[in-house]
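Subject: Structure for you to look at

Hi,

Here is the structure I said I would pass on. Have a look at it first, and then read my notes below.

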Amino acid sequence: IRVKDLTFCYDGGIDNIFEDVSFSIDTDWRLGFIGRNGKGKTTFLNLLLGKYRYQGTIDAPSGFRYFPYLVTERQMGMEALEFIDELEEGCELWQAARELLAVLFAGNGGFFLIDEPTSHLDLEAREAVQTYLASKKGFILVSHDRELLDACTDHCLVLNRRTIEVMNGSFSVWWENKIRKDQFAASENEKHLKEIRKLKEASARAAGWADKNERTKIGFD
C-alpha cells in the first residue's frame with residue numbers, strides 16, 4: 001500500500017490535518033496506529049476508505065475494510081447470523097464459523113482497519129480478541145491497550161503533528177525509542193538554555209562596564 005503526498009484539510013478548516021504524507025506498507029504487516037486522541041487517526045482511516053476528498057494518492061490493490069461495523073436498529077433485534085451477508089457481501093456461514101463468527105476476516109480479502117476492538121469488553125473478552133488478532137496479519141490496529149498492541153503488531157504507524165511515519169517493531173519498542181529521543185532533546189535544550197544564560201550574564205556585565213566607563217568620562221565620581 002503506497003500513500004504519496006497526502007494532504008488533507010476539513011472543509012472550512014484553516015490548518016491541514018495531514019501535509020505531504022508519504023509512506024509504504026506491506027499488506028502482510030500488522031500495524032499498530034499510534035497517536036494522541038483527536039490528532040487524526042480516525043480521519044486517516046476514513047481517508048483510506050475514500051470518505052473524504054484529498055490531495056495526493058493512495059494506492060491499495062486490495063481495498064480496505066473497516067471494523068467495528070455500523071449495526072442498524074433493525075439488526076439489533078436479529079441474531080448475528082441473520083445479517084452477516086449484509087456486513088460482508090458473499091460471506092457464507094461456514095466462513096464465519098471458521099473464524100468463530102469474526103466476520104471481518106471471513107470475507108474475501110482486503111486490508112483491515114480495526115478501530116478500538118476491545119472498547120467496552122471485559123478482561124476475558126479482551127484476551128480472546130488479543131489471541132485472535134495475534135494469529136492474523138494484514139491490518140492497521142487503533143488501540144489504547146498497550147498489551148494488545150504489543151501482542152498483535154510487528155510495525156507501528158506513528159501519527160505526528162501533520163505527518164505519519166512507519167517504524168519496525170511493537171508499541172513498546174517505539175515507546176522506548178521515543179523516551180530516549182525525548183530525553184536527548186531535553187538534555188540538548190537544557191544545554192542551549194545554559195549557554196543563553198551565560199551569554200545574557202556576559203552581556204549584562206559588559207553593559208555595566210561600559211556604563212561605568214562612560215560615567216567616568218563625563219566627570220561622575
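Predicted model: local features only at pLDDT ≥ 70, side-chain atom pairs only at ≥ 80, totals over all residues.

Helix α1 itself covers residues 41-48, and it is mostly covered, with 7 of its 8 residues buried. The buried ones are Lys41, Thr43, Phe44, Leu45, Asn46, Leu47 and Leu48.

Asp20 has one of about 55 degrees although it is not a glycine. You'll find Asp20 in strand β2, which runs over residues 18-24. Is Asp20 buried or exposed? Its relative accessible area is 52%, and the cut-off for exposed is over 50%, so Asp20 counts as exposed.

His120 is another non-glycine with a positive phi, this time about 70 degrees. His120 sits in the loop between β6 and α5, and with 86% relative accessibility it is exposed.

There is also a cis peptide bond, between Phe67 and Pro68, with omega at about 15 degrees. To find it, go to the loop between β5 (64-67) and α2 (73-76), where Pro68 lies.

**Salt bridges**

How many salt bridges does the structure hold? There are 4, and I'll take you through some of them. As a general point, side chains of opposite charge can pair when their charged atoms come close.

One of them joins Asp154 to Arg30, with 3.7 Å between the closest N and O atoms. This pair ties together distant parts of the chain, 124 residues apart: Asp154 is in the loop between α6 (146-152) and β8 (155-159), while Arg30 is in strand β3 (residues 30-34). Asp154 is partly exposed at 27% relative accessible area, whereas Arg30 is buried at 17%.

Another runs between Glu86 and Arg74, whose closest N and O atoms are 2.6 Å apart. Here too the pair links distant parts of the chain, with Glu86 in helix α3 (residues 84-87) and Arg74 in helix α2, 12 residues apart. Glu86 is partly exposed, its relative accessible area being 44%.

Then there is Arg197 with Glu190, where the closest N and O atoms are 3.3 Å apart. Both ends are partly exposed: Arg197 has a relative accessible area of 41%, and Glu190 has 32%.

Ser172 belongs to helix α7, which spans residues 171-217. What does its side chain touch? The side chain of Ser172 makes a polar contact with the side chain of Asp150, at 2.5 Å. Ser172 is buried, with a relative accessible area of 14%.

Asp122 is partly exposed, with a relative accessible area of 48%.

Over to you, then.

Cheers

Terms used: Residues numbered from 1 in each chain as written. Heavy atoms only, no water. Buried < 20%, exposed > 50% of the residue type's maximum accessible area, 1.4 Å probe, protein only. Helix = DSSP H or I, 4+ residues; strand = E, 2+ residues; numbered from the N terminus. Polar contact = N/O pair within 3.5 Å; in protein donor to acceptor, adjacent residues only side chain to side chain. Salt bridge = Lys/Arg side-chain N within 4 Å of Asp/Glu carboxyl O.
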